[in-house]
Structures are given as C-alpha cells and as structure tokens.
Amino acid sequence: MKELPKTNQLRNFQAIIRYGSIRAAAQALFQSQPAMTKSIQELERILGVDLLSRGAHGIILTKMGCIFESRVNTILNDLERAVDELNQLSEENHGSVAFGCSHLPAFSVLPALINKFQEDHLASNITIIEGQFSELITSIRLGRLDFFMGIATPEISMNEFSIENSISAEFCIIARNGHPLSNCRSLIELKGAKWYFPNTNTGYYNNLEKFIFPKGRDGNEIVIYGDSITIGEQLVLNEDYLFVGPKAILDIPHMKNIISAIPIEEKLPDALYILLYRKQQGLTPLARSLMDEINQACSNLLSRVDK
C-alpha cells in the first residue's frame with residue numbers, strides 16, 4: 001500500500017496556508033520552524049509533488065497545492081466530525097454543532113431555542129453563522145457547517161444535499177411604524193427610498209432587487225448590502241431604510257409595535273425556505289437533534305402566517 005500522509009502533516013500544511021508563512025504557522029501550532037519545514041518536506045516527498053513555493057509576498061500554493069488543499073480541508077473536517085460523533089454517542093451531551101441560517105430564523109425563533117438547547121446540552125459547543133445559502137455553500141460542502149436553514153438559491157443544484165423540509169413564505173416590504181412612506185400603495189411611490197438588502201449576488205434577493213427596480217436604479221435610490229441583523233435593524237428603525245422580509249417577522253411579539261408592512265399593490269415573489277445538509281456528510285446525533293428542533297420551530301412560525 002502506498003505510504004499515506006500523517007494527520008499532523010496535513011494540519012501543518014493547512015496552517016501554513018492559513019497564516020501565510022512557515023514561521024507564523026509554527027508559532028501558531030507551538031512548533032519550531034525547522035520541525036514545521038521538515039514536516040512539509042516529508043509531506044511533499046510522500047506525495048511526490050511540490051505543494052508550496054515562495055513568492056514575493058510569502059508562501060504561495062503551487063498548482064498541485066491548490067488541488068490538494070480542498071481535499072485536505074475535507075479530510076480533516078470529516079475526521080474531526082467522525083471523532084466528535086463517537087464522543088456524542090458515548091456521551092450524549094458532548095459534541096459540537098455548527099450551522100448556517102438566514103435572517104428569519106436568526107431574528108425570530110433561534111435565540112430562545114438555542115438558549116434552551118444549550119441548557120439541555122451543557123457540554124456542547126454551538127456555532128451559528130448568519131448568511132445566505134450562496135455565501136455559505138462552500139462551508140457546507142467542506143463540512144465546516146452541519147446544516148443550513150434559509151432561503152433557497154434556484155441557481156445552485158441541490159443534488160449533493162439532503163433537503164429535510166421546504167416551506168414557501170410570503171414576503172413584503174417593511175418599514176418602521178410612522179415611516180414617511182408607510183402608506184404608499186405601489187412600488188412607483190417608493191422611488192428614491194433607502195434600502196437594506198442581504199449581501200448576495202444570486203438567489204432570491206438578487207431577483208427581488210430586479211423586481212423592485214425593473215428598469216434598474218436611477219441613482220436616486222440608496223442601497224446598502226449586508227448580513228448583519230443589528231446594523232439592518234438600526235438602519236430601519238433610526239435611519240428610515242426599507243427592507244424586504246417574510247411577513248412572519250411582523251408576528252414576532254417585540255416587533256409588532258415598531259415595524260409594519262407597506263401596503264403596496266404589487267405582490268412580491270414568495271421565497272422558499274429550505275433545511276438541508278450534505279448527503280455525503282450526514283449528521284451527528286447532536287446536529288440532528290438541533291436541526292429537528294429548528295425545523296419544527298420555523299415550520300410553526302411560517303405556518304401561522306399562512307393561516
């Protein structure tokens with residue numbers, strides 16, 4: 001059998017890419033620089049190719065190194081997940097879960113749900129990354145995220161993912177109560193408004209922007225892009241920005257008295273919320289438990305709006 005790289009060699013290779021130099025990687029991993037150099041030389045000997053070269057601004061990947069890097073990330077992520085899954089099976093409350101979500105789950109059901117889940121699993125580590133599917137798909141593919149709950153991106157093939165649930169949600173234009181444009185009846189009347197959109201180049205919000213500005217923006221509209229709920233909330237409540245979101249947000253108790261939907265005649269396209277994970281990766285018991293709870297909470301929230 002051909003000699004295979006050792007795990008520490010792969011970690012060292014990954015660290016050099018992350019920190020930009022052998023010296024910085026050695027310091028980060030508490031190794032000597034000669035030991036780090038020897039580890040990479042041994043890795044290259046085993047593989048029979050050069051992975052790194054020295055450029056004007058430090059260490060850079062060779063063509064072979066670029067190919068190998070994505071495989072290394074997947075291998076190490078899968079290995080960590082395998083160890084974590086065994087730990088979870090032996091000790092139910094132990095383990096790590098990392099997942100991505102878009103605005104509605106993060107803004108509504110997640111805070112209380114995550115708090116309760118953490119109380120029930122005190123030894124677990126939970127990481128939440130907010131963003132759109134098109135922005136987080138690489139992390140899902142590489143195994144850095146266990147699952148994703150948010151708006152589907154039709155341009156991206158779903159063949160590599162298992163979809164647990166999909167829910168259609170009605171969207172509307174939302175403003176603070178008392179906004180000067182609160183009583184507008186058409187998109188034309190919103191000309192010159194200030195907008196806050198999620199940061200994405202594909203998917204629902206990209207198509208929605210074309211729906212709102214069918215002839216393009218004429219320079220009078222101010223549009224800010226971002227994935228921060230905190231910044232978006234401040235822009236809407238204090239700076240009179242508009243945003244587009246699911247009507248379900250209007251049913252959140254602490255939001256009812258501060259925001260409302262602008263009653264335009266045009267019907268905005270519905271968005272499809274999906275809950276998915278990578279088929280090849282599967283789910284650890286802890287991730288499965290948390291995903292099921294998020295699925296139920298989001299389904300309940302969106303179904304109340306539909307009734």
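Colleague: Which residues of helix α8 are buried?
Modeller: This is a predicted model: local features need pLDDT of at least 70, side-chain atom pairs count only at pLDDT 80 or more, and totals for chains, interfaces and linings use all residues. Numbering runs from 1 along each chain as its sequence is written, and side-chain values use heavy atoms, without hydrogens and water. Buried means under 20% relative accessible area, exposed over 50%, partly exposed in between (1.4 Å probe, protein chains only). In α8 the buried residues are Tyr204, Tyr205, Asn206, Leu208, Glu209 and Ile212.

Colleague: Which strands are included in the cover over them?
Modeller: Helices (H or I, at least four residues) and strands (E, at least two) are DSSP runs, numbered from the N terminus. The cover over the buried residues of α8 includes β5 (147-151), β7, β8 (194-197), β9 (222-225), β10 (242-246) and β12 (271-278).

Colleague: Why is the pair of Phe133 and Phe161 edge-to-face?
Modeller: Rings of Phe, Tyr and Trp (its six-membered ring) pair if their centres lie within 6.5 Å; planes under 30 degrees apart count as stacked, over 60 as edge-to-face, the rest as tilted. The structure holds 11 aromatic pairs. For Phe133 and Phe161 the centres are 5.7 Å apart, and the pair is edge-to-face because the planes stand at 70°.

Colleague: How many residues apart are Phe133 and Phe161?
Modeller: Phe133 sits in helix α7 (residues 133-141) and Phe161 in strand β6 (residues 161-169). Both Phe133 and Phe161 are buried. Their pair links distant parts of the chain, 28 residues apart.

Colleague: What sequence separation does the pair of Phe171 and Tyr205 tie together?
Modeller: Phe171 and Tyr205 pair edge-to-face, at 6.2 Å centre to centre and 65° between the planes. Phe171 is buried at 3% relative accessibility, and Tyr205 is buried at 5%. Phe171 lies in strand β7 (residues 171-176) and Tyr205 in helix α8 (residues 204-212), so the parts tied together are 34 residues apart.

Colleague: Which residue in β12 stands opposite Ile151?
Modeller: β5 and β12 pair in the antiparallel sense over 4 bridges. Ring pairs link Phe171, Tyr204, Tyr205 and Tyr273 into a cluster. The residue opposite Ile151 is Tyr273.

Terms used
Contact = heavy atoms within 4.5 Å. Pairing = 2+ DSSP bridges.
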